[in-house]
Amino acid sequence: MTIDFIIYRGNDIMVKTYVFGHKSPDTDSITSSLVMTNLEKELGNADAEAYRLGNLNKETEFVLDYLGIEAPELLESVEDGANVILVDHNSPAESVDNLENANILKVVDHHKLALETSYPLFLRFEPVGCSETILCKLYEENGVEISKEIATLMVSAIISDTLLLKSPTTTDDDRVAVEKLAKIAEIDAEEYGLEMLKAGTDLSSFTIDEILALDAKQIDFKDVKSIVNQVNTADINDVMAMKDELEAGMNKIIENENLDLFMLLITDIVNSNSQVIALGKDASLVEKAYGVELVDNTVLLEGVVSRKKQVVPIMTESA
Ligand code: MN
Ligand code: MN
């Protein structure tokens, strides 16, 4: 571990390193870019710089406002040969433009491997609930102190990705990290976490198109070309009140991007369920996958909160 950092420091000093999470950034992507950049600097890579690949959501805004820190700068593409570090993603489809011509130094992630390179690189993947759980370990392994600010960034992302440790993606490592980080951050994880998650459910300032892009991921369930978008809410009815407008927006995207399926998951963060709106010629895949019947293109999926664990594998298997 430490050796990698030392070699890297020798090679690439004075060359800017772009550090960023995925497009349509969530709290993990934004905070991990900041936390990883800080770790790089602590380990001697003074030219590491955090970036974001899209607009902040309300939840992430809440976190940065709470700490009084600035959002990373927006990055649209990187120059040929640029040094980059990927956090919270590794799929080129979710990454910066021109990634194929960049020099990926490191990846720290908790998603399935979707990257192939022609050169060796530092990879740290763990099947945990959040990238920040892995970063917390990297700080410990490298003997880097976790400040109150860094702890707050980390714990916010873990609470976000695991929906307050209630998502089935949650592991013991995430629980241990939250307990430790909440102490350093001097917060009550439950109280702060609920406030943060609720801040993220405020959709009032977004247009329908923005809501449909907030946390959209392009996923192919075998040959079913799909987008799965997830919107958190404290009350499903608040979002379902916009159902007609949402469906019109979804149909437009289906047509423009030639999709077979658009799934909008409206996830109730209090009761841990998701109302799904499914449109497209393969919408019935949702019925097959979950043994449910869509009525007016929608159905409640009991206990479903995790796209990664409760949507992607089940839909892929049924496709
Ligand atoms: Mn993420
Ligand atoms: Mn994540």
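This is a predicted model: local features need pLDDT of at least 70, side-chain atom pairs count only at pLDDT 80 or more; totals for chains, interfaces and linings use all residues.

Reader: Into which domains is the protein divided, and over which residues do they run?
Author: The division gives two stretches of the chain, named domain 1 and domain 2. Their bounds are 3-198 for domain 1 and 208-318 for domain 2.

Reader: How many residues of each domain are in contact with the other?
Author: The C-alpha centres of domain 1 and domain 2 are 27 Å apart. Even so, residues of domain 1 touch residues of domain 2.

Reader: What area do domain 1 and domain 2 bury between them?
Author: Carbon and sulfur atoms hold 59% of the buried area. The area itself is about 1,200 Å².

Reader: At what angle do the axes of H2 and H3 cross?
Author: H2 covers residues 27-42 and H3 covers residues 58-67. Their axes come within 9 Å. The crossing angle is roughly 35°.

Reader: Which residues of H3 meet H2?
Author: H2 brings Thr27, Ile30 and Leu34 to this contact. By class, the contact has four nonpolar, two polar and one charged residues. On the H3 side the residues are Glu59, Thr60, Val63 and Leu64.

Reader: At what angle do H4 and H5 pack?
Author: H4 spans residues 131-141. Its axis and that of H5 are 8 Å apart. The angle is about 145°.

Reader: How many nonpolar residues does the contact of H4 with H5 have?
Author: From H4 come Ser131, Glu132, Thr133, Leu135, Cys136 and Tyr139. From H5 come Ile150, Leu153, Met154, Ala157, Ile158 and Asp161. Two polar and two charged residues take part, and the nonpolar residues number eight.

Reader: Which residues does leucine 181 touch, beyond four places in sequence?
Author: Leucine 181 is one of the residues with the most contacts to other members of the largest core. Leaving out residues up to four places away, leucine 181 touches Cys136, Ile146, Ala151, Met154, Val155 and Ile158.

Reader: Is lysine 183 buried or exposed?
Author: Lysine 183 sits in helix H6, residues 172-185. Its relative accessibility is 62%. The cut-off for exposed is over 50%. So lysine 183 counts as exposed.

Reader: What is the distance in space between lysine 183 and glutamate 210?
Author: Along the sequence they are 27 residues apart. From C-alpha to C-alpha, the distance is 36 Å.

Reader: What is the phi of leucine 164?
Author: Most residues other than glycine have a negative phi. Leucine 164, in the loop between H5 and H6, has a positive one. This leucine is buried, with a relative accessible area of 12%. Its phi is near 60°.

Reader: What is the phi of serine 24?
Author: Serine 24 lies in the loop between strand E1 and H2. At 23% relative accessibility, serine 24 counts as partly exposed. Its phi is also positive, near 45°.

Reader: Which residues is proline 168 in contact with, beyond four places in sequence?
Author: Proline 168 is found in the loop between H5 and H6. With a relative accessible area of 35%, it is partly exposed. Its contacts are Val305, Ser306, Lys309 and Gln310.

Reader: How far apart in space are threonine 316 and lysine 222?
Author: Threonine 316 is in helix H13. It touches Phe221, Lys222 and Val311, not counting residues up to four places away. Threonine 316 and lysine 222 are 94 residues apart in sequence. In space, their C-alpha atoms are 6.1 Å apart.

Reader: Is serine 318 buried or exposed?
Author: Serine 318 belongs to helix H13. Beyond four places in sequence, serine 318 is in contact with Leu285, Lys288 and Ala289. Its relative accessibility is 14%, and the cut-off is under 20%. Serine 318 therefore counts as buried.

How values were computed: Residues are numbered from 1 along each chain as its sequence is written. Chains are lettered from A and ligands numbered from 1 in the order in which they are written. Side-chain values use heavy atoms; hydrogens and water are left out. Axes are lines fitted to C-alpha atoms, for helices over the stretch in contact, and angles run from 0 to 180 degrees between N-to-C directions. Helices (H or I, at least four residues) and strands (E, at least two) are DSSP runs, numbered from the N terminus. Contact means heavy atoms within 4.5 Å. Ala, Val, Leu, Ile, Met, Phe, Trp, Tyr, Cys and Pro count as nonpolar, Asp, Glu, Lys and Arg as charged, and the others, Gly among them, as polar. A nonpolar core is a set of buried Ala, Val, Leu, Ile, Met, Phe, Trp, Tyr and Cys residues joined through side-chain atoms within 4.5 Å. Buried means under 20% relative accessible area, exposed over 50%, partly exposed in between (1.4 Å probe, protein chains only). Domain bounds come from an automatic or database domain assignment. Buried area is the accessible area (1.4 Å probe) that two parts lose on being put together, summed over both.
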